[in-house]
Amino acid sequence: MGDLKLEIHCDYVPKAAENFLALCASGYYDGSQFHRNIKGFMIQGGDPTNTGKGGTSIWGKPFPDEFVSELKHNARGVVSMANKGLDTNGSQFFVCYQKQAHLNNKYTIIGRVISGWETLATMEKVPVDEKYKPLAPITLQSVTIHANPCATGA
């Protein structure tokens with residue numbers, strides 16, 4: 001489909017950023033599918049089992065939320081950790097298709113899309129079943145980290 005280029009908010013959410021970037025660097029997400037796609041809302045991925053029920057953090061257990069007043073679900077392309085409730089972050093994440101103010105202080109925002117808007121638009125148009133699973137796989141082929149300000153010595 002194409003590339004999405006993200007900016008990760010290492011300065012605002014250091015633990016979530018560390019987790020996401022380490023999973024990216026390890027190849028954890030490579031070949032995984034976006035398992036939930038709701039037009040006008042968001043697309044969710046980050047589960048290597050492709051079921052929407054799997055995935056873990058780099059620490060092997062859930063980690064706490066990091067809510068920051070400067071970060072809001074206020075635009076298309078906001079990227080957040082998915083969770084099952086307070087302080088249950090693992091590996092799953094989602095990208096918003098539009099402003100989602102009701103998600104503020106419920107999901108840790110880790111970054112934003114800065115390039116690849118055409119790809120995001122194409123993803124949003126993929127037909128889904130009654131449970132919002134894409135009828136044709138949307139696969140995260142691989143991740144390239146261009147710069148990691150969270151890395152030691154960066």
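Predicted model: local features only at pLDDT ≥ 70, side-chain atom pairs only at ≥ 80, totals over all residues.
Which residue's side chain meets that of glutamate 7 in a salt bridge? It is arginine 112, with 2.8 Å from N to O, where a salt bridge is a side-chain nitrogen of Lys or Arg within 4 Å of a carboxyl oxygen of Asp or Glu.

Residues are numbered from 1 along each chain as its sequence is written, and side-chain values use heavy atoms, with hydrogens and water left out.

Back to that pair: glutamate 7 lies in strand E1 (residues 5-8) and arginine 112 in strand E7, so the bridge ties together parts that are 105 residues apart in sequence. Helices (H or I, at least four residues) and strands (E, at least two) are DSSP runs, numbered from the N terminus. Glutamate 7 is partly exposed at 32% relative accessible area, and arginine 112 is partly exposed at 39%; buried means under 20%, exposed over 50%, and partly exposed in between, with a 1.4 Å probe and protein chains only.

The structure holds two salt bridges, and glutamate 124 forms one with arginine 76, their closest N and O atoms being 3.0 Å apart. Because glutamate 124 sits in helix H2 and arginine 76 in the loop between E4 and strand E5 (78-81), this pair ties together parts 48 residues apart in sequence. Here glutamate 124 is buried, at 13%, whereas arginine 76 is partly exposed, at 29%.

Methionine 42 belongs to strand E4 (residues 42-45) and counts as buried, with 2% relative accessibility. Apart from neighbours within four places in sequence, its contacts (heavy atoms within 4.5 Å) are Arg36, Asn37, Phe94, Val95, Cys96 and Tyr97.

Finally, let me turn to two loop residues. Asparagine 105, in the loop between strand E6 (93-96) and strand E7 (109-115), has a phi near 60 degrees, a positive value in a residue other than glycine. Tyrosine 132, in the loop between helix H2 (117-124) and strand E8 (139-140), likewise has a positive phi, near 70 degrees, and is partly exposed, at 40%. For context, most residues other than glycine have a negative phi.
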